[in-house]
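The following paragraphs lead through a structure that is shown just below. They take up the packing of helices and then a pocket.

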Amino acid sequence: MTKEKLLVNCEDSWSKLGYKKTNIEDLCAKAGISKGAFYLFYASKEELFFDVIMRIQTKLVYLTKATLGETPTKESLCNTLKLIYREYIKIPFILEMNSPDFIAFMNRLPKEKIEELAFHGDNDIRNIIKDSKLQYKINEDKGNSAFAILFMPNSNKEELPYNHLEVVDFMIEVLIESVFE
């Protein structure tokens with residue numbers, strides 16, 4: 001339960017304050033443990049933040065699989081991707097991956113953790129689509145790359161002359177029709 005409290009408090013603090021301003025002392029106080037006890041759970045602040053990201057990715061993958069159901073169709077994949085996008089954009093620090101704050105976190109993360117994040121980022125959607133048994137009409141890598149671009153951070157969405165979510169929904173619909181049989 002203590003580890004769960006640390007994860008929840010870290011995600012909340014990271015969303016509100018950013019990586020640099022989130023401090024271990026405050027997280028420990030909210031979890032009801034000493035700073036020394038923190039190191040029984042995590043070797044570093046970065047390890048905790050890494051676990052927060054992995055936890056979010058796991059939740060999104062679980063939500064995707066649960067929403068798709070047993071026999072996915074193009075329509076259910078389309079609706080699921082729309083839902084996942086809406087969940088994804090609720091996570092401020094993910095949307096700001098090019099910010100100095102997020103870059104500071106990534107610069108302190110061990111190489112193997114960066115590789116693990118990249119692996120999951122590249123393979124989660126690929127595996128979900130593979131499990132769906134939908135057939136590609138175009139090159140698989142091209143199709144997966146098109147979906148990946150939709151989920152890349154974009155801080156300029158407020159500057160669009162049209163509702164950003166309607167545009168994303170449209171793009172998902174067009175991609176689904178263009179990519180799959």
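Ala, Val, Leu, Ile, Met, Phe, Trp, Tyr, Cys and Pro count here as nonpolar, Asp, Glu, Lys and Arg as charged, and the others, Gly among them, as polar. The model is predicted.

With these classes in hand, consider the largest pocket. Its volume is about 860 Å³. The pocket is lined by 32 residues, and those closest to its centre are Gln57, Tyr88, His120, Gly121 and Asp122. By class, the lining of the largest pocket consists of 22 nonpolar, 6 polar and 4 charged residues.

Several helices contribute to this lining. At least two residues each come from helix 4 (45-68), helix 5 (74-88), helix 7 (100-108), helix 8 (111-132) and helix 9 (140-150). Helix 8 gives the largest share of the lining, with 10 residues.

The other topic is a pair of packed helices. Two packed helices are described by the angle between their axes and the distance between the axes. For helix 1 (residues 2-17) and helix 2 (residues 24-31), the angle is about 130° and the axes lie 9 Å apart. Helix 1 is therefore oblique to helix 2. The crossing in which helix 1 passes helix 2 is right-handed.

Which residues make the contact? On the side of helix 1 they are Thr2, Lys5, Leu6, Asn9, Cys10 and Ser13, and on the side of helix 2 they are Leu27, Cys28, Lys30 and Ala31. Sorted by class, this contact of helix 1 with helix 2 holds 5 nonpolar, 3 polar and 2 charged residues.

Technical notes: Residues are numbered from 1 along each chain as its sequence is written. This is a predicted model: local features need pLDDT of at least 70, side-chain atom pairs count only at pLDDT 80 or more; totals for chains, interfaces and linings use all residues. Side-chain values use heavy atoms; hydrogens and water are left out. Axes are lines fitted to C-alpha atoms, for helices over the stretch in contact, and angles run from 0 to 180 degrees between N-to-C directions. Helices (H or I, at least four residues) and strands (E, at least two) are DSSP runs, numbered from the N terminus. Angles under 35 degrees count as roughly parallel, over 145 as roughly antiparallel, 65 to 115 as roughly perpendicular and the rest as oblique. A crossing is left-handed if the near helix is turned anticlockwise from the far one by less than a right angle, and right-handed if clockwise. Contact means heavy atoms within 4.5 Å. On a 1 Å grid over the protein atoms alone, a cavity is a set of points where a 1.4 Å probe fits but cannot get out, and a pocket is an open set with protein on both sides within 12 Å along at least five of seven lines; lining residues have an atom within 4 Å of a point. Grid points are joined across faces, edges and corners, and a volume is the space filled by probe spheres set on the points.
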